[in-house]
Amino acid sequence: MRAAAADQVEPATNKYLIAVVAWAIPGAGHLLLRRPQKGLTFLVALTLMFATGLWLEGRIFPLGFDLSQPLVGLAAIADLGIGVPYFIAKFLGHGTGRVVAITYEYGNAFAIVAGLLNMLVVLDAWDIAEGRK
Amino acid sequence: MTTHLGLMALFSVFVSTVFASLMRDEPRDQLWFGLRLFAGFIGAGVAIGWLLYPLPL
């Protein structure tokens, strides 16, 4: 399996495109690399996880340069890891977060971890494109 | 569904699914690895919960 997969090395110019697509749409990088089972799993699991975070009234943290609140900046970077769903949620007015909701912190955890997991998925797609997996 | 245990289980399902897909290539291996991860998350959560139980808040 690994040897067969290593034969499917993408040309170097495509690696960056695959990384960008993999970030923008969870699982899309693996779909491009002809790993449909993994790609669809990531697409469904990560999108659902991010949506669950919003359903639980978590907050999508704003990306700013306020050095007095470094944890907010780090959470925003983690949220951004999910790619296009972040911007769709922002556009639709979701993710404002309701601090008094009992599920607020749970929602934050779901949204943040979904973004961080998608960053790992991007790295995995990069490794596949490099022929290392 | 929005109990602490329910949300922990849901969180574990998502994380186990993604890690199993990342770390294993064959669907059968993914299933077993994912189930072991899920059981580990739930088991560790319950065990740490009981360890913390006697501590005052």
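Ala, Val, Leu, Ile, Met, Phe, Trp, Tyr, Cys and Pro count as nonpolar, Asp, Glu, Lys and Arg as charged, and the others, Gly among them, as polar. Keep that handy for the tour.

This is a predicted model, where local features need pLDDT of at least 70 and side-chain atom pairs count only at pLDDT 80 or more, while totals for chains, interfaces and linings use all residues. Residues are numbered from 1 along each chain as its sequence is written, chains are lettered from A in the order in which they are written, and side-chain values use heavy atoms, leaving out hydrogens and water.

**Stop one: where the chains meet.** Select chain A and chain B: 23 residues of chain A are in contact with 17 residues of chain B (contact means heavy atoms within 4.5 Å).

Now pick A:Lys38 and B:Asp25. Their side chains meet in a salt bridge, 2.9 Å from N to O (a side-chain nitrogen of Lys or Arg within 4 Å of a carboxyl oxygen of Asp or Glu). The rule finds one salt bridge across this interface.

**Stop two: the largest pocket.** Go to A:Tyr106, A:Phe110, B:Leu7 and B:Phe41, which are among the residues lining the largest pocket. A pocket is an open set of points on a 1 Å grid over the protein atoms alone, where a 1.4 Å probe fits, with protein on both sides within 12 Å along at least five of seven lines; lining residues have an atom within 4 Å of a point. What is the lining made of? Eight nonpolar residues, three polar and one charged.

**Stop three: the second largest pocket.** Select A:Gln37, A:Thr41 and B:Ser16, which are among its lining residues. Here the lining divides into five nonpolar, seven polar and no charged residues.
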